[in-house]
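I opened a new page for this chain and wrote down what I looked up, entry by entry.

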Amino acid sequence: MKRPNGAGTIARLPGTRKKPFAVVLTEGWDENTGRQKRRYIGYYATYGEAELALAIYRADPTPKRDITWEMLYNEWHAVNSAAWSPQLAANYRSAWNYMSPLHRLKVADTRTGQLQRIIDGAKYIPQHREGERPKPVRAGRSTLEKIRTLMKQLLDYAVQNDIIEKNYADFVRLPKKERVEKEHFSDVEVEKIRQAAEAGIPYADCVYMMIKTGLRISEFLSLDRFSVDLENGTLTGGLKTDAGRNRVVPIHPTWLPYVRSWLARDGERLICRENGKGYSVKLFRERCYYPALAAAGVRQLNPHCTRHTFASQLAAKGVPTLEIQHLMGHTDYAFTADTYTHVDLEPLRSAINQI
């Protein structure tokens, strides 16, 4: 259907472009040339995005100079959010809340110093005990990176749509990364967990197996009967990286009986509920992992600390870095795997048996 005069139009620009669809407004005629005066509102990858942007503009045709951060975010969100995962949407929403001091400011009047103050002052109020006064705590680096990423994307969108000429978020700096010592279970705690598993404490065997495989909790819970090769004494698992995906981990002799026991349940996953269904990470963490630690009498370290424990034990035994990288599935191993495609299982089995 043809749009009324003055309502704007969508034009496909010639050539090969990432964003070939332009939203154009006609603003009268040039008295000297007799041609129409045209103003480009923005450029978009698809016709649908351009149509949406035009509809948003027509609903609120604010002069570019007066566009606020809130207006910019709402338009950018409307154009892009359909392709987001729920997790990505939640990340953007959280970052946007940190940027609340900017919401009502004009984008064109914002400079690097104002953006830097958002990063420098980012705090959150953690959960606290009833009656206890909450204390502001510095946001973590991951959160700060998400805030800066959102700033850059919003201002990139503003540059693309001629609202501003320069992306000042490019000059925002994050604090230097602090080296944090990874927490891991002590040798005494590992022995307590082993004893608890041997005594039949529910799910203590799972915690022990996580320590002896170095698998992430999601990787561990994804194992099924096809992941287990009893003949060769190996597990095949891993999800996150090219180096970590489908890596082979020798089965430690001390937990082979536990693997056999879980296999006998014949569930959808190796670690399964009574009905044979697998566990979600949240359910396993809350109902199995932490209760097992409590029953074993050890600290309530998070599940990822089993992975840190695995790496620490290997390093303490003098296992070569390359073998640790392979067993952990670290991305640093990817180059080595591409260069030396054959991985000898025996050194890995020897490394596992040392711990």
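Entry 1, a loop residue. I began with tyrosine 203, which lies in the loop between H6 and H7. Helices here are DSSP runs of H or I with at least four residues, strands are runs of E with at least two, and both are numbered from the N terminus. Tyrosine 203 is not a glycine, yet its phi is positive, about 70°. I looked up its relative accessibility and found 18%, so tyrosine 203 counts as buried. I noted the cut-offs: buried is under 20% relative accessible area, exposed is over 50%, and partly exposed is in between, with a 1.4 Å probe and protein chains only.

I am working from a predicted model, in which local features need pLDDT of at least 70 and side-chain atom pairs count only at pLDDT 80 or more, while totals for chains, interfaces and linings use all residues. Residues are numbered from 1 along each chain as its sequence is written, and side-chain values use heavy atoms, with hydrogens and water left out.

Aspartate 266 is in the loop between H9 and helix H10 (281-296). Its phi is near 55°, again positive in a residue other than glycine. Is aspartate 266 buried or exposed? Its relative accessible area is 56%, so I put aspartate 266 down as exposed.

I recorded 14 helices and eight strands. Of the 355 residues, 40% count as buried.

In H9 (residues 256-263), I listed Tyr258, Val259 and Trp262 as buried. Why are they on the same side of H9? They cover an arc of only 100° around the axis, which puts them there. The arc is taken from the directions from the helix axis to the C-beta atoms. These buried residues pack against helix H6 (187-198), helix H7 (204-213) and strand S6 (228-229). Contact means heavy atoms within 4.5 Å.

The buried residues I noted in H4 (residues 112-120) are Leu115, Gln116, Ile118 and Ile119. Down the axis of H4 they fall within an arc of 150°, so they line one face of the helix. Methionine 151 lies in helix H5. Its relative accessibility is 0%, so methionine 151 counts as buried. Leaving aside neighbours within four places in sequence, methionine 151 is in contact with Met99, Leu115, Ile118, Ile119 and Ala169. I also checked its C-alpha distance to asparagine 167, 16 residues apart along the chain, and got 8.9 Å.

The axes of H2 (residues 69-80) and H5 (residues 141-160) come within 10 Å and cross at roughly 90°. That makes H2 roughly perpendicular to H5. Axes are lines fitted to C-alpha atoms, for helices over the stretch in contact, and angles run from 0 to 180 degrees between N-to-C directions. Angles under 35 degrees count as roughly parallel, over 145 as roughly antiparallel, 65 to 115 as roughly perpendicular, and the rest as oblique. Among the residues making the contact are Trp69 and Trp76 of H2 and Leu150 and Tyr157 of H5.

The axes of H11 (residues 304-316) and H12 (residues 321-328) come within 10 Å and cross at roughly 160°. That makes H11 roughly antiparallel to H12. Their contact includes Phe310 and Leu314 of H11 and Ile324 of H12.
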